[in-house]
Amino acid sequence: MSTEQGALLGPADIRELAAALGVRPTKQRGQNFVIDANTVRRIVRTAEVRPDDVVVEVGPGLGSLTLALLETAAHVTAVEIDDVLAEALPATVQARLPRKAASFGLVHSDAMLVGELPGPAPTALVANLPYNVAVPVLLHMLDTFPTIERTLVMVQAEVADRLAAGPGSRVYGVPSVKANWYAEVKRAGSIGRNVFWPAPNVDSGLVSLVRRAEPVRTSASKREVFAVVDAAFAQRRKTLRAALAGWAGSAAAAEAALVAAGVSPQARGEALTVEEFARIAEHKEAGA
């Protein structure tokens, strides 16, 4: 597939665009723009974006990753909260990749409020997520758009580690379990600080999420399972018997639910799989 030469944005292009728009990246919105064409191409490659994919991108900024996605995907829909950036992005796509302009859509909104997208249903989510809202945005998108089969997000390295952690890991917690409810999660690489403008004071990591072929088998609802997860990690140093006392109504009721689910009341949340949390949720009334 031929691509326009020089379609992707380099450091000079990014600064020129930002200056023309009067844009100064803000910490409040976690804005760090990728200025390296090789990095965005690597992200698209790692995400295994295919020519028939419909990709949703959250927080496109000035369009670095957007253009790289459009080079490969059938369609890209970008969700941008910033007024100035949202208004400018379609013109950037038209100027730098005109043959794909009709394959681009923009939703000017807070990603956490997006309940539907125009055009075909998304098959992939690829995004450089703002660090301060990365986990809630990721979980919201996976929950809202079940057609998303593959996801690759760039997040703060520490968040990447937490999302991809397995039971028993020191950093295994609420994000790990909730992400695993939807998908098989793994670390997919590291990104240095010098590919961003401004350079963040933290390293970044790529996380791959491939939606489960079959959902977690449970009679409990997602809300009920997540309530157990939240309670278990709210006091992660406590045993589950103690940590789930409030959730179950008493420590005795928590113990009964745990025993019925085949989980030791002396275990701690970081030792449990998402399937075990689901079993506990199913037995909430065991001690009532």
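Residues are called buried under 20% relative accessible area, exposed over 50% and partly exposed in between, with a 1.4 Å probe and protein chains only. The structure described here is a predicted model, in which local features need pLDDT of at least 70, side-chain atom pairs count only at pLDDT 80 or more, and totals for chains, interfaces and linings use all residues. Residues are numbered from 1 along each chain as its sequence is written, and side-chain values use heavy atoms, with hydrogens and water left out.

Helices (H or I, at least four residues) and strands (E, at least two) are DSSP runs, numbered from the N terminus. An α-helix has 3.6 residues a turn, so residues three or four places apart point the same way. After H1 comes glycine 22, with a positive phi near 70 degrees.

Helix H3 also meets helix H2 (residues 37-46): their axes come within 9 Å and cross at roughly 50 degrees. Axes here are lines fitted to C-alpha atoms, for helices over the stretch in contact, and angles run from 0 to 180 degrees between N-to-C directions. H2 and H3 are therefore oblique to each other, given that angles under 35 degrees count as roughly parallel, over 145 as roughly antiparallel, 65 to 115 as roughly perpendicular and the rest as oblique. The crossing of the two helices is right-handed, the near helix being turned clockwise from the far one by less than a right angle. On the H2 side the contact is made by Val40, Arg41, Ile43 and Val44, and on the H3 side by Ser64, Leu65, Ala68, Leu69, Glu71 and Thr72.

Glutamate 48 is not a glycine, yet has a positive phi of about 55 degrees. With a relative accessible area of 54%, glutamate 48 is exposed.

Attention now turns to charged pairs. Side chains of opposite charge can pair when their charged atoms come close. A salt bridge is taken as a side-chain nitrogen of Lys or Arg within 4 Å of a carboxyl oxygen of Asp or Glu, and by this rule the model has 13 salt bridges. One of them joins lysine 178 and aspartate 230, with the closest N and O atoms 2.9 Å apart. Lysine 178 belongs to helix H7 (residues 174-182) and aspartate 230 to helix H8 (residues 222-234), so the pair ties together parts that are 52 residues apart in sequence. Lysine 178 is buried at 12% relative accessible area, whereas aspartate 230 is partly exposed at 35%.

Arginine 187 and aspartate 161 form another salt bridge, at 2.9 Å from N to O. This pair links distant parts of the chain, 26 residues apart, with arginine 187 in strand S7 (residues 183-191) and aspartate 161 in helix H6 (residues 157-164). Arginine 187 is partly exposed at 30% relative accessibility, and aspartate 161 is partly exposed at 35%. A further salt bridge brings together aspartate 52 and arginine 50, at 3.7 Å from N to O. Aspartate 52 is exposed, with 55% relative accessibility, while arginine 50 is partly exposed at 37%. Through shared partners, salt bridges join Arg50, Asp52 and Glu149 into one network.

Two loops complete the picture. In the loop between S8 and S9, proline 198 is joined to tryptophan 197 by a cis peptide bond, with omega about -10 degrees. Valine 202 lies in the loop between S8 and strand S9 (204-211) and is partly exposed, at 21% relative accessible area. Not counting residues up to four places away in sequence, valine 202 touches Tyr131, Gln156 and Arg193. Threonine 239, in the loop between H8 and helix H9 (240-243), is buried at 17% relative accessibility. Leaving aside neighbours within four places in sequence, threonine 239 contacts Pro265, Gln266, Ala267 and Arg268.

Definitions and conventions
Contact means heavy atoms within 4.5 Å.
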